[in-house]
Amino acid sequence: MLLKWKSIAGLLIATGMIFSGVAKAQDTIKVGVLHSLSGTMAISETTLKDTILMMIDEQNKKGGLLGKKLEAVVVDPASNWPLFAEKAQELLEKDKVAVVFGCWTSVSRKSVLPVFEKDNGLLFYPVQYEGEESSKNVIYTGAAPNQQAIPAVDYLMKDVAVKRWVLEGTDYVYPRTTNKILEAYLLAKGVKPEDISINYTPFGYSDWQARVAAIKKFGSAGKKTAVVSTINGDANVPFYKELGNQKISAEDIPVVAFSVGEEELSGLDAKPLVGHLAAWNYFESIKTPANAKFIAQWHTFIKNPKRTTNDPMEAHYIGFNLWVKAVQKAGTTDPEKVIAALPGTETPNLTGGIAKVLPNHHITKPVYIGEVKADGQFDVVWKTPGTVPGDAWSKFLPADKDVVADWVTLKCGNYNKATSKCSGQNF
Amino acid sequence: MMKSFLRAGGLWLFILLLLVSRSAGPAYAQSPSDANFLASLDALRDASFEDKDAIIDKLIQGAHPNAQVVLTAFLEDRLYFRNDDQKVFFAKPAAEDATDLELVDPVTLKSVGTASVDNLTKIGTNNHLRRTLKTALARFALSSPDAKTRLVAARDIEQDLDESNVQMLRERSGVETDSSVKQEIGNGLALAALDGSDTPARIAAIQTLRHSLRQDVLNKLQGLIAQSSDGTFAESDENVRRAAASAAMSISRKRTIYSAFETLFFGLSLGSVLVLIAIGLAITFGVMGVINMAHGELMMLGAYTTYVVQTAMPNHTEISILVAIPAAFIVAALTGILIERAIIRFLYGRPLETLLATFGVSLILQQLVRSIFTALNRSVITPNWMSGTLQVNEALSITYNRLYIVIFTMLVFAALLLILKRTRVGLQIRAVSQNRAMAKAMGIRSEWVDALTFGLGSGIAGVAGVALSQLTNVNPSLGQSYIIDSFMVVVFGGVGSMWGSMVGGMSMGVVNELLEPYAGAVLAKIFVLIALILFIQRRPRGLFPPTGRASENQ
């Protein structure tokens with residue numbers, strides 16, 4: 001009797017599996033794309049949407065993943081932060097996507113974070129950010145401060161012998177946190193407080209004349225001065241124009257920017273900016289076979305040979321490949337299992353070296369400093385010897401000194417080594 | 001025979017002759033100096049930035065006749081080596097996106113044909129190297145026939161006052177005829193003399209530098225009088241110290257005065273932007289009493305007109321902005337008249353409804369522009385005559401774009417006053433705004449005047465947009481960021497008063513710039529707003545309240 005039931009049950013399960021198998025063979029793996037296609041951030045984020053579409057296209061040409069085709073589900077959160085959370089929920093609960101690639105600004109990431117944690121989804125976040133965060137459900141493929149800001153300051157301090165610092169930023173969370181870390185770092189390196197000037201301006205600020213004159217004055221005190229710019233978005237255009245107008249050349253006061261890349265320069269006359277610096281983990285001008293192939297692929301896909309590639313695009317390239325490898329390793333697209341498979345997964349960078357997912361859900365990245373050339377591209381003038389592992393929590397902020405993130409052994413993104421306490425997902 | 005002739009010492013003259021006559025033929029054999037020169041160039045291929053620095057020094061020391069040409073090419077990013085045979089060449093200046101470059105042999109200076117960019121590797125520079133190169137090349141430029149080039153060269157050389165450079169300046173000083181170059185060289189020599197040990201010479205140097213206004217001179221002098229924490233002076237000679245202290249005092253006093261001028265100019269330039277965006281509104285809001293929330297979008301249309309005009313005449317960027325001024329006026333004025341005829345005229349006397357309706361219009365205009373031009377920023381090129389700075393002296397420089405905008409605002413303001421005070425249309429506008437019924441009774445077509453007035457105010461907004469396109473990003477939300485400011489200026493100045501808007505805008509600009517260094521951009525604006533609220537509390541009708549019978553109607 002028992003045997004009979006068991007065999008019936010077995011038969012039923014088998015048929016179920018066959019049916020679902022058949023159903024799934026026609027089915028696809030859904031990949032969510034959560035980037036603003038309208039509003040202020042559309043300029044930057046549309047490119048990333050196209051990058052993921054290109055990667056999916058490429059993967060499907062290779063035969064898909066786990067024998068299934070990939071299907072993109074594109075939504076438009078319209079540069080509206082609360083809408084990001086709504087759209088994320090829609091992707092996870094209605095479309096039941098296996099993974100989401102998305103967000104640009106930190107505020108949009110903070111807005112979707114609770115949704116991903118509640119629904120146990122998986123988000124790949126491709127943009128450099130201020131750190132001080134590590135979620136179980138997010139893989140940070142952009143640079144943490146120790147993979148961009150700190151090496152840039154190191155370069156200026158050692159190779160350019162900068163003694164005086166202007167930290168100029170837009171007034172919101174990313175510049176404020178980054179500058180807090182940088183200030184602590186500079187003070188720890190023996191820079192005197194009177195040699196650091198910190199200033200914030202609102203989003204979209206355009207009346208730069210007095211600020212730029214003040215920078216010029218601050219920089220004429222006889223010590224080598226540099227500007228570390230976390231100015232974000234539109235305000236960069238009038239800022240650089242004013243620098244050019246007031247004839248502040250990069251030889252006198254170099255400006256190193258963390259948010260200005262090839263894409264931003266393509267809308268600008270780059271000639272007055274020659275020699276100003278940017279710190280990124282990728283530059284289009286770096287000559288490697290992988291990068292040449294990626295650029296060619298991008299030009300064919302977007303049907304415009306003049307479009308540039310940039311750092312966040314490479315981050316998506318890496319993120320997508322990491323996800324594909326983790327899915328193959330896990331043998332399923334179930335986010336829980338893929339998240340478990342991700343730490344330790346490796347994929348090559350476009351510029352040489354290997355990107356590896358760390359237990360803190362950040363990745364290893366090389367750091368490059370580039371100088372602006374007249375054609376809007378960058379010449380690499382300095383790079384780290386190898387790759388730098390991303391720190392979720394800054395070592396230079398006294399409050400976070402003892403905090404680590406480890407999703408492999410500690411299973412915690414906010415673990416205080418001194419008190420041995422996990423503060424959970426409170427960021 | 002030739003080799004021995006070259007070795008005999010006539011080398012320089014001979015090569016120079018060859019260069020001048022541009023007849024260096026293949027017979028030109030490689031001399032030892034050429035061999036050194038080439039070896040240095042070859043070494044550049046794999047050198048680190050530090051090594052390149054040393055190689056540049058070597059090239060200068062070698063005094064090869066081609067050093068200047070090659071180093072200039074190096075500075076301008078035109079020095080390459082060919083990938084297949086690793087030979088170093090420089091390229092002739094070419095278009096930015098050229099795929100083939102014409103290569104020149106660094107020794108013979110003869111063209112050796114073209115090569116594809118893919119087959120060439122550029123020998124790169126960085127900021128530090130470019131500074132070294134500029135100083136090095138300045139040594140050549142110091143004997144240029146052009147006085148301006150010599151002045152720049154003298155300044156560049158001052159960045160690196162080593163023995164050979166000082167010697168060079170001294171030699172030039174004897175033969176220099178241009179007074180400003182001579183003064184610059186004098187400064188350089190004085191700066192160098194300051195580091196010497198001869199006390200009278202140092203005091204004389206300080207007396208020379210006393211007339212300079214430069215910050216680096218001031219720094220140097222202040223360095224001399226600096227006192228460390230244990231009471232010892234950086235400079236041991238008391239006479240030198242006393243002279244330096246007095247010179248430093250005199251320089252810094254002059255610099256303070258000029259920096260006050262600079263702040264004033266910054267204030268006036270910010271103020272003139274405020275006036276420019278407000279005087280259009282002073283007409284529609286001030287004279288007609290219409291709250292036009294689409295005023296900002298009319299400015300935005302003006303800015304886009306500038307962009308379109310510029311795109312339409314790509315070969316005339318220098319003058320396209322002048323063409324854009326009347327074009328923007330017409331586009332914005334026609335749009336304004338359309339808005340007035342289609343919507344506002346039905347809503348006269350109902351301010352709340354006007355406000356809502358024009359707000360709707362502003363959204364429609366924004367979306368319209370977004371649909372046509374996309375949401376991306378459009379870059380409007382600044383013509384050459386508007387970029388750069390006017391160097392009044394070493395302590396005061398004024399950027400041209402701001403200067404032109406101040407002048408432009410004055411012109412627009414004067415033109416507007418003329419129209420209102422001296423023309424028939426102006427008379428009718430004033431008549432209708434003062435007493436509509438009486439004006440009608442005198443035979444003025446008040447509806448026609450309404451449309452015209454609104455068109456005039458809108459046109460001025462369009463013209464303001466042309467100016468804004470030079471200062472900020474041209475995108476569909478351009479107008480929104482200025483609409484609040486323009487209302488503020490009009491209310492502060494006194495509704496209906498042109499002069500009120502002028503004085504109000506200028507004073508708000510100056511106060512803002514005075515506060516900004518101490519309070520930051522965000523706080524300064526908040527302080528200005530609070531001050532404005534307090535002012536309006538005390539004088540609700542603004543700086544220049546309307547007087548007489550007209551005020552009773554409002």
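Visitor: In the hairpin of β17(A) and β18(A), which residue takes a positive phi?

Guide: This is a predicted model, in which local features need pLDDT of at least 70 and side-chain atom pairs count only at pLDDT 80 or more, while totals for chains, interfaces and linings use all residues. Residues are numbered from 1 along each chain as its sequence is written, and chains are lettered from A and ligands numbered from 1 in the order in which they are written. The hairpin has five residues between its strands, where strands (E, at least two residues) and helices (H or I, at least four) are DSSP runs numbered from the N terminus. The residue with a positive phi, near 55 degrees, is A:Lys411.

Visitor: In which order do the three strands of the open antiparallel sheet of chain A stand?

Guide: Two strands are taken to pair if DSSP finds at least two bridges between them. β17(A) and β18 (residues 412-416) of chain A pair in the antiparallel sense over three bridges, and two bridges join β18(A) to β19(A), also in antiparallel fashion. The edge strands, each pairing on one side only, are β17 (403-406) and β19 (421-422) of chain A. The order is β17-β18-β19.

Visitor: In β18(A), which residue is the bridge partner of A:Asp406?

Guide: The pairing of β17(A) with β18(A) is antiparallel, and A:Val404 has A:Tyr415 as its bridge partner in β18(A). For A:Asp406, the partner in β18(A) is A:Cys412.

Visitor: Which residue has a positive phi in the turn of the hairpin formed by β18(A) and β19(A)?

Guide: A:Asn416 has its bridge partner in β19(A), namely A:Lys421. The hairpin holds four residues between its strands, and the one in the turn with a positive phi, of about 55 degrees, is A:Ser420.

Visitor: Which are the edge strands of the five-stranded sheet of chain A?

Guide: This open sheet has the order β2-β1-β3-β4-β5, and its pairing is parallel. β4 (residues 123-125) of chain A pairs with β5(A) over three bridges, and A:Tyr125 stands opposite A:Tyr140 in β5(A). The strands that pair on one side only are β2 (69-75) and β5 (138-140) of chain A.

Visitor: What angle does the direction of α11(A) make with that of β3(A)?

Guide: Angles run from 0 to 180 degrees between N-to-C directions, with axes fitted as lines to C-alpha atoms, for helices over the stretch in contact. α2(A) lies across β1 (28-34), β2 and β3 (99-102) of chain A and runs at about 165 degrees to β2(A). α11(A) packs on the sheet by touching β3, β4 and β5 of chain A, and its direction makes with that of β3(A) an angle of about 175 degrees.

Visitor: How far apart do the C-alpha centres of the two domains of chain A lie?

Guide: The domain bounds come from an automatic or database domain assignment, which gives domain 1 (27-143 + 290-366) and domain 2 (146-286 + 369-392) of chain A. The contact between them takes 32 residues from domain 1 and 26 residues from domain 2, two residues being in contact if their C-beta atoms, placed from the backbone, lie within 7 Å. The C-alpha centres of the two domains are separated by 28 Å.

Visitor: How are α11(B) and α18(B) directed relative to each other, roughly parallel or roughly antiparallel?

Guide: α11(B) and α18 (residues 446-468) of chain B pack with their axes 7 Å apart, at an angle of about 165 degrees. Their directions are therefore roughly antiparallel.

Visitor: Which helix gives the largest share of the side of chain B that touches chain A?

Guide: In this interface, 34 residues of chain B are in contact with 38 residues of chain A. Helices that each supply at least two residues to the chain B side include α5 (127-141), α15 (400-422) and α20 (498-538) of chain B. The largest share, six residues, comes from α20(B).

Definitions and conventions: Angles under 35 degrees count as roughly parallel, over 145 as roughly antiparallel, 65 to 115 as roughly perpendicular and the rest as oblique.
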